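This report describes selected features of the structure shown below. It treats strand pairing, helix packing, domain and chain contacts, and local backbone geometry in turn.

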Amino acid sequence: MSTAAAKALQPRAAHQRDLLRQMLAIRRFEDTCAELYSAGEIRGFVHLYIGEEAVAVGVSAALTADDSIVSTYRDHGHALARGLPLDSVMAEMYGKTTGCSRGRGGSMHLFDVSRRFYGGNAIVGGGLPLAVGIALADKLRGDSRVTACFFGDGAVAEGEFHECMNLAALWDLPVLFCCENNLYAMGTALVRAQAQTDLALRAGSYGMPAWPVDGMDVLAVEHAARSAVGAVRAGGGPHFLELRTYRFRAHSMYDPELYRDKSEVQEWKKRDPVALLAGRLRDSGECTDAEFQAMSDELTAEIDAAIAAARAAPVEPVADLTRFVYHPEPK
Amino acid sequence: MTGTEVTGTEVTSTEMVKTTYREAMRDAIREALQRDDRVFLMGEDVGRYGGCFAVSLGLLAEFGPERIRDTPLSESAFVGAGIGAALAGMRPIVEIMTVNFSLLALDQIMNNAATLLHMSGGQCNVPLVIRMTTGAGRQVAAQHSHSLEGWYAHIPGIRVLAPATLADARGMLWTALQDPDPVLIFEHGSLYNMPGTLPADAGAVDIRSAAVRRAGTDVSLITYGGTLGTTCAAADALAGDGIDAEVVDLRSLRPLDDETISGSVARTHRAVVVDEGWRTGSLAAEVCARLMEQAFWDLDAPAERVCGAEVPMPYPRHLEEAALPRAEAIVAAARRAVGGGLT
C-alpha cells in the first residue's frame, strides 16, 4: 500500500490493511522459501508458518517495540511480524553474513536483539524458561515490558511447559504465553498425545487467566492479545492464549503428511486468515481486488530484491569458523 | 592446604582471618550482591533453608527474597530463567543442589546457555554463573555423588571452574560474574567444611590459569577440585620415598591451561592425572591426549591415570572409598611412572 493511500484511509481501515499486508508478506515470503528449497538454494530444516499468519501478526500488533519476544523453530512469521527486515531474514535462509543471525542460525534460529527478538528456539519448550527469565529481569528492574512467548501445542506435553507455567504464576511475571495450537505436534495429533486437550484449561490450573482464541481471525487475535497484554502490563501476572490455528503446509520440507486427510486441510483452508481479512476489506470497500493485487506485487518485488541481495551477499570465511563461541579475550 | 603455594591471588594484606570453604563461598556471594545490583541468587532452598549445604545461610535476611530467591524443584525452568535474565541484562547466580540434578537442566545449559551466542551470530550474551555441588565422599550413594564436570567441559561456549582452595572459593565467583559468557562452578561437597585462613581483603582471582600447588622435579600430579587434597597427601608420601612430586591444580577445566600443564611436564617428564570422574571419556583422558599432542617428547614414561571406578557410586563406606582415587593409588602410579620410565 502506498503511503498516500494509507493516509487517505480511516485509521481503523489503515490498520487492518497493514495487518493484511503483514500476513501477506509472510505468505509470499514462505511460498518463495518453499520454491527456493525445492531449487536447492536454501537447505536445512524449513518449517513453514503458512495458515498461521494471523497469530504472529495479531499478537505482534498488541506489543510495543520495547516488549520482548521468544519464538520457536517455526519462526519466520514471528520475525517478520516483529519487523525484522525481510532481506535480513532472507539472507539468513541463505546462510550469509548479512542474515539476522549472520547466517549462523538459519531458518530455525532467527535473532534480532535490537528488536528484542530473542530467537527461534528449536528445542520444543526450550524457549519458555528464557521468556520467564527475561520477564523476571524486567520485574526485578521495575520495567513495564511484556515478554510474549510463542510455542506450539506439542510443547504443552513437555515438563518445561509445566515448570514454567508454575514459575511464572508463582512469581507473577509479565509473560504472555501464546500457544499456537495447530492440532499436530509434527505428525502426532493433539488427541493422540494429550490426555486433556483443552489447553487453556491446563494453563488455567496454574492460576493464570487463559482462554482460547480463533487463531485464523487476525482481528480476534489482536483483540485478545491487546486485552491480555494490557492486563499483564498492569501487573496482572502471566496470561495464556490458546490460539487455535492450522498449518496448511507440511511440518517441514521432508514431510509426506501421512498423518492427516487432505479433506481436513481443505476444510481449514476455507478459513485462510489472509483470505478472511482480504474478503472483509473487499466487502467494506477498504481494499479492492486491484489494491490487493498491487500490495501483492509490491511484496513480490521486495522479496525478489531480498533474494538478489542474499545471493550477492558474502559468506562467512572459514577462517572465522569458531567465532561467536566465546567473547574475545579482552586485550 | 597449608604450605602450598597459592598463585593467581593478589595478597595485599597481612591480616589473616579464619574461614572455611563454605564461608569463603558465602563471602564471595555476599560481595557480589553488594557490589552489583544486577546480581541475584536463585535456586532450591537457597533462602529460608539457607542452602542445602548452608552456603547461603543468612543471606536472605541480609538481601531479601527478591535477590535470594527460593525456587520450586524445576531445574530446567529456573536454570533457563537464569539464562533469560542474563540475556536481559541481569547477572544471575543459579545454584543447582547437586551435579546429578543438573541433568534435569542439561538441555538449558547445552542448547541455550552454551549455544545462544553462536546461533545468534554474536548477539546474545549470557553472563550467567551456575554453581553446583559435585563429587562423592559422603555416603550419599548413586544419585548424589557423581563427578560430571568432565561432561560439561566437553561443551564449547561455557567455562567450567573447579575451585579447590579457600582462595579460589572466595575469588572465582566475582571474576566469573564479570565474564560475558556462561560459567559453571563445581564445588566438591567434601570441601565445604575445609578450614583455613585467608587474607581479610581476599578477593577476585583469575579463572583462566592452572596453578602449581607444590613445586617438584620428578613427576607431575595433575588434578582439580575434590582430589587436590588427596593428591597433595600422595605427594607428601612420595617425598618420604625421595620422589619430588609437583602438584598441578587445573582450576579451569574448560578452557584448559595447556601452557601450565605442559610446562610442568617439561620439567618433570612424567605425569599422573587424578580425576574423580569415571575413567572412560574422562577429563583425565583429555589431559592425557593433550600431553600426547603437546608434550610427547618431554615424557620419559607413559602418562598414568587414577580415576573413579566405573560403577554408580555404592552406599557402603568401604565400597565408596574403593571407588574413589586414593592416595595409595596415586603413589603407586607415580612410582610406576618414575620407576618404569627412561633414566
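Strand β10 (residues 219-223) and strand β11 (residues 245-249) of chain B pair in the parallel sense over five bridges. Strands are DSSP runs of E with at least two residues, helices are runs of H or I with at least four residues, and both are numbered from the N terminus; two strands pair if DSSP finds at least two bridges between them. Within this pair, B:Val219 has B:Ala245 of β11(B) as its bridge partner. The model is predicted: local features need pLDDT of at least 70, side-chain atom pairs count only at pLDDT 80 or more, and totals for chains, interfaces and linings use all residues. Residues are numbered from 1 along each chain as its sequence is written, while chains are lettered from A and ligands numbered from 1 in the order in which they are written.

β10(B) and β11(B) belong to an open sheet of five strands in the order β9-β11-β10-β13-β14 (chain B), with mixed pairing. β9 (211-214) and β14 (304-308) of chain B have a single partner strand each, so one side of each edge strand is left without a neighbour in the sheet. On average, neighbouring strands of this sheet are turned by 25° against each other, direction ignored. Axes are lines fitted to C-alpha atoms, for helices over the stretch in contact, and angles run from 0 to 180 degrees between N-to-C directions.

## Helices on the sheet and against each other

α8(B) lies across β9, β10, β11 and β13 (271-278) of chain B and runs at about 170° to β11(B). α10(B) also packs on the sheet, where it touches β10, β13 and β14 of chain B; its direction makes about 155° with that of β13(B). Two residues are in contact if their C-beta atoms, placed from the backbone, lie within 7 Å.

The axes of α8 (residues 228-240) and α12 (residues 327-340) of chain B come within 8 Å and cross at roughly 55°. α8(B) and α12(B) are therefore oblique to each other; angles under 35 degrees count as roughly parallel, over 145 as roughly antiparallel, 65 to 115 as roughly perpendicular and the rest as oblique. The crossing of α8(B) past α12(B) is right-handed, a crossing being right-handed if the near helix is turned clockwise from the far one by less than a right angle, and left-handed if anticlockwise. Residues of α8(B) in this contact include B:Ala233, B:Ala237 and B:Leu238, and those of α12(B) include B:Ile330 and B:Val331. The contact of α8(B) with α12(B) has eight nonpolar, two polar and no charged residues. Ala, Val, Leu, Ile, Met, Phe, Trp, Tyr, Cys and Pro count as nonpolar, Asp, Glu, Lys and Arg as charged, and the others, Gly among them, as polar.

For α9 (residues 258-268) and α10 (residues 283-295) of chain B, the axes come within 10 Å and cross at roughly 70°. α9(B) and α10(B) are therefore roughly perpendicular to each other, and α9(B) passes α10(B) in a right-handed crossing. Among the residues that meet are B:Asp258 and B:Ile261 in α9(B) and B:Arg290 and B:Leu291 in α10(B). By class, this contact has six nonpolar, two polar and two charged residues.

## Domains of chain B

The domain assignment of chain B gives domain 1 (17-199) and domain 2 (211-340); such bounds come from an automatic or database domain assignment. The centres of the two domains, taken over C-alpha atoms, are separated by 26 Å. Their contact takes 23 residues from domain 1 and 22 residues from domain 2 of chain B.

On the side of domain 1 of chain B that touches domain 2, α6 (149-152), β6 (159-161) and β7 (183-188) of chain B give two or more residues. β6(B) gives the most, with three residues. This side has eleven nonpolar, nine polar and three charged residues.

## Contact between the chains

The contact takes 33 residues from chain B and 33 residues from chain A. α3(B) gives the most to the side of chain B that touches chain A, with ten residues. That side divides into 15 nonpolar, 15 polar and three charged residues.

## The parallel sheet of chain A

In chain A, six strands form an open sheet in the order β2-β1-β3-β4-β8-β7, with parallel pairing. Its edge strands, β2 (117-121) and β7 (210-214) of chain A, each pair on one side only. Six bridges join β3 (residues 147-152) to β4 (residues 175-181) of chain A, and A:Phe150 has A:Cys178 as its bridge partner in β4(A).

## Local backbone geometry

Most residues other than glycine have a negative phi, and most peptide bonds are trans. The peptide bond from B:Arg254 to B:Pro255 is cis, with omega near 0°; B:Pro255 is placed in the loop between β12 (252-254) and α9 of chain B. A:Met186 has a positive phi of about 50° although it is not a glycine, and A:Met186 lies in the loop between β5 (184-185) and β6 (188-189) of chain A.
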